[in-house]
Amino acid sequence: MTHPQTPDIWITGMGAVSALGAGTTIHHKASVEGRSGLKAHSLFNGAAPDPIICGMVPPEVLSKSIDDSAKERADLLQDIALDEAVAQAGLGAGCRVDTIVGTTLANLHGATNYYRDIKNRQPADVALVQGFIASSCADHAARRIGATGRRIAVSSACASGVTAAGTALLRMRAGLADMAMVCGVDALSPFVVSGFSSLMLCSKQECRPFDEARDGLNPGEGAAVLVLENAMTAAARGSIPLAKVAGFGQSLESFHATRSHPEGRGIVESVQAACAMAGCSPQDINAAHLHGTATKFNDASEYCALKTLFGEKLPRLPVFSTKSMTGHTFGASGTIGAVFAVLAMQHQFIPPTLFLQQLDPQFQGLNISSIAREVKKLERLLVTALGFGGESAALILERVI
Amino acid sequence: MALKGIGIITPHVTHISELAVACALPCNQSDQIKKIPEIPDISARDLRRTSRLCAYALYAATQALGSVRGSKERIDCFAALTHGSTPLLKEFHDYLFDFGADKASPGAFSASVTNAVVATLSTMLCPGGAGTTFVGMEQCGIDALNHAALMISSGASNFALVGATEEYSEIVEQAYSACGWGGRISPLTLPFAQKKGTDYGVGQTEGSVYLFIGPISSIGKNDACLCTIEPLEDPENFSGQVDCIISGANAGPADCYELAILKSVLKAQKRPVPVIFPQLYFGNGFALNGMLDIAVAYDIIGRGSLYPLYPVNPDISQLTAPLLNPLTCKSSLVISAGRNGQAAGAIVRRCDE
């Protein structure tokens, strides 16, 4: 794969909302303090295991309960992250900016309620049906800020957020757009909570990525928005870069519908492709935000991939997973991970992997900690994401000095 | 891009050679695929275990790949859909509502995820490539094509399988009927017609169309297709000359956008150009529409097939030609507008152009 000279792409604005609360400042503070947003909840009046430990956005953040916001919960979460990111980037109404959304289910909860009403022969609100088509989130985001660029929704399961960032990056490098809003979003719904529970992938305790006693994930919800800009037009506007999006790679493992390949083949290929685009090698990466869902297979696959990629460097590469802070936010997880990665570079620290008590002995040499760590010269960070169907995606972010 | 292969399955079409014949009568009711034909080298057992949505895509993608299948070439997969596998979502929710969370179906859950098509194609046809699923309105099939072309032109991909798939769903049909956008049996109306009563529009269809594309340099004499395809993100600004136009208008909510684009494009043509409305014959397949229309374009340009013309809106009738001569048709513009106002297009040209 060859990469002709292309413009640098900067992140000039970002926003986030999750079980930790609303705003990137809160996410930074939670990382430093080692605070988790995971709690036991009773959800959906019996249409979900009860109780379930999950990362639900606090009700006071949306001023609406999870049931009252069924029709448009993903849109509401996205709005919060979008407003913060757009304000930071200084985007005005009517700006020509692409809107690229990565989500697995958009506003599916509303469609669930529509179908339940149909089934119970109750009057059903047809407007609920449109919301679960993922592009409705892109349309909503573009309408909110008056953006006039292309609106695209991509879905690659839990790698959707990173895929959305990669799609924006490719379009901008090809000159199809100078600016893009990348939105990763997913909301809790009966479908996703019951679905993951039916696959026996959920833990009855707070998740413990890479721990010897890990036994599954905690469903979560959230949104993160990154504003990407062509560096030249950004500099001309006086924008301050938060980071540079240097590389993107993706792969399909062709292995299993819901499990990743034991050797993490997809992650290896994705990271290698991202490094090729960034013009660096894995040895040049300073730290990594891992997918780290705390399921038996995912963490093992990811570790194998890291060993293949980094070899003897692995013990010197600090890694972390933030899913024990936010829960697994599915399509939003990659962009939320990117926010944590940028925060890490900004403040020169490695966020904690909470609830890790005893590292699984098979993960020899994994440089991971349950407490936040200061580092020096954190300048190039890797973000990985995996999804059902063998999806893998990787993003390389660099500090702009 | 070189259009190197094309595959198709709809309720009445299992090969490109059957497309024109299927336009014998306008479609005014919804239809479903009765039986999926055998797919070479895919066992009946494996096919039986594949969801209908994925099976449609597998059939069309296998046909598009042709003899390239099984080669060591890296082929990336891109899929477009609007509603995905709504029947499987319904099945999951039936279990959930009837029996509670403890009995929710893991099979229905994992098979109904949005990226199931890409995962199936990757596992069964093209191991080793990358892939993305585009979810959106009627134009998102061509959005996926646009992205695949971008991946190839940037050097990120060598070849790509790109297509759209849609599965019929009673729930979707009822919802759209409630909005007045077409029902199971509805009076067929002209594209761009004013809404009358509570039912208008075409019925819902299902199926899949897949294209196998590569860089222009990969065109070879042994290719099944000798056409090129160029995606457009702004068909409304297209001012080039073409020999025919294919519009996705289907007497539905996106018609106003289709009409606006048609007016703009037709005014830029130096002579009247025939306009074809395939959805009136095939039904509304949402994300499938644009890709199906590309198949029609290829069938006219690459195979010389004849398609019926339908009376057009008076606003554009003076700009359109009353006849289509496929023998002189060397280029076609395909327009696909979504009901959210976003449009996409593609130009299909014969290779000797």
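This is a predicted model: local features need pLDDT of at least 70, side-chain atom pairs count only at pLDDT 80 or more; totals for chains, interfaces and linings use all residues.
Local features need pLDDT of at least 70 and side-chain atom pairs count only at pLDDT 80 or more, while totals for chains, interfaces and linings use all residues; side-chain values use heavy atoms, with hydrogens and water left out. Residues are numbered from 1 along each chain as its sequence is written, and chains are lettered from A and ligands numbered from 1 in the order in which they are written.

Helices (H or I, at least four residues) and strands (E, at least two) are DSSP runs numbered from the N terminus. In a regular strand the side chains alternate between the two faces of the sheet. Here A:M179, A:M181, A:C183 and A:V185 point one way, and A:A180, A:V182, A:G184 and A:D186 the other. Strand 7 of chain A pairs (at least two DSSP bridges) in the parallel sense with strand 5 (residues 98–102) of chain A over 5 bridges, with A:D98 partnering A:A180. The pairing of strand 7 of chain A with strand 8 (residues 222–230) of chain A is antiparallel over 8 bridges, and A:G184 has A:A224 as its bridge partner.

In chain B, strand 10 (residues 343–350) is largely enclosed by the rest of the structure, because 6 of its 8 residues are buried. Strand 6 (residues 227–232) of chain B runs antiparallel to strand 10 of chain B over 6 bridges, with B:I229 opposite B:V348.

Turning to the helices, helix 2 (residues 52–65) and helix 5 (residues 116–124) of chain B pack at about 45° with axes 9 Å apart; axes are lines fitted to C-alpha atoms over the stretch in contact, and angles run from 0 to 180 degrees between N-to-C directions. Contact, meaning heavy atoms within 4.5 Å, involves residues including B:L53 and B:A57 of helix 2 of chain B and B:V117 and B:L121 of helix 5 of chain B.

Technical notes:
Buried means under 20% relative accessible area, exposed over 50%, partly exposed in between (1.4 Å probe, protein chains only).
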